[in-house]
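Subject: Structure handover

Hello,

Here is the structure I said I would pass on. My notes on it follow below.

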Amino acid sequence: MIRKRDLHECTALYELMAEPSVLAYVRNKASSADEYWFITKQLMEEEEKGLSISRTIVSDFGQPIGTINLFDIENGAGFLGTWIGKPYQGLGYNKKAKEQFLQEMFFETDIHTIFLRIRKNNAKSIRATEKLPYAMKANDTHPNIYEAINKENDSFDLYYIPKDLFHLVMLQENTEEEQAM
């Protein structure tokens, strides 16, 4: 579902990212496959320095279909950024990728809080986030971060995922699955 980034996947990912309805919501935009390769290489170098973490989202057949990233890592927290190519949207990949990524972040690294900055006009991402039982709206609970992401204009909502809540929800879901068997 997710794997470490590989520069050989850049051309396929660039083609998916270049779709205007996807590109509008990508943090690290590129205007060519070569530029996307360079941006990906930079992300991989940032990961080595502990500044970001980036993974490729893959389909059930192992094809690269998007990316999931943790940016601006500081004091055990960072900002989540995800995009999936248009042909793969609405097929459940986003939720599966997020859960696998969050498992890795919370249980294999020192990350304890993940923030999501979502454009207020991005109804699809807001709906997807609000379906996650471990994501909470943070506009009021984290006013300093909310103000910082909206210092130029009020265009983002802030959500966060605390490690403890994620862990609790995953334990409940596993218990329910075991009882169903």
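Which element gives the largest share of the lining of the largest pocket? The model is a predicted one, and in it strand β4 gives that share, with six residues.

The pocket

The largest pocket holds about 1200 Å³ of space. It is lined by 45 residues, and Y25, T82, W83, N122 and S125 are the closest to its centre. At least two lining residues come from each of α2, α3, β3, β4, α4 (93-108), β5 and α5. Sorted by class, the lining of the largest pocket consists of 20 nonpolar, 14 polar and eleven charged residues.

The sheet

Seven strands form an open sheet with mixed pairing, in the order β1-β2-β3-β4-β5-β7-β6. Its edge strands, β1 (2-4) and β6 (136-137), each pair on one side only. Six bridges hold strand β2 (residues 53-58) against β3 in the antiparallel sense. Within that part of the sheet, R55 has I68 of β3 as its bridge partner.

Two helices pack on the sheet. Helix α3 (residues 33-48) touches β1, β2, β3 and β4, and its direction makes about 125° with that of β2. Helix α5 (residues 123-130) packs there as well, touching β5 (113-119) and β7 (156-162), and its direction makes about 150° with that of β5.

Strands β4 and β5 run parallel and are joined by four bridges. How enclosed is β5 by the rest of the structure? Five of its seven residues are buried, so β5 is largely enclosed.

T113 is a residue of strand β5 and is the bridge partner of A77. Is T113 buried or exposed? Its relative accessibility is 13%, and the cut-off for buried is under 20%, so T113 counts as buried. With neighbours within four places in sequence left aside, the contacts of T113 are G76, A77, G78, F106, Y160 and I161.

D72 is partly exposed, at a relative accessible area of 45%. The relative accessible area of N75 is 67%, and the cut-off for exposed is over 50%, so N75 is exposed.

One further residue

Where does S32 lie? S32 is in the loop between α2 (20-23) and α3. With a relative accessible area of 28%, S32 is partly exposed. S32 and W83 are 51 residues apart along the chain, and their C-alpha atoms are separated by 17 Å. W83 is also one of the residues closest to the centre of the largest pocket.

Regards

Definitions and conventions: Residues numbered from 1 in each chain as written. Predicted model: local features only at pLDDT ≥ 70, side-chain atom pairs only at ≥ 80, totals over all residues. Heavy atoms only, no water. Buried < 20%, exposed > 50% of the residue type's maximum accessible area, 1.4 Å probe, protein only. Pairing = 2+ DSSP bridges. Contact = heavy atoms within 4.5 Å. Axes fitted to C-alpha atoms, helices over the stretch in contact; angles between N-to-C directions. 1 Å grid on protein atoms, 1.4 Å probe; cavity = no way out; pocket = protein on both sides within 12 Å on 5 of 7 lines; lining within 4 Å. Points joined across faces, edges and corners; volume = space filled by probe spheres on them. Nonpolar A, V, L, I, M, F, W, Y, C, P; charged D, E, K, R; others polar.
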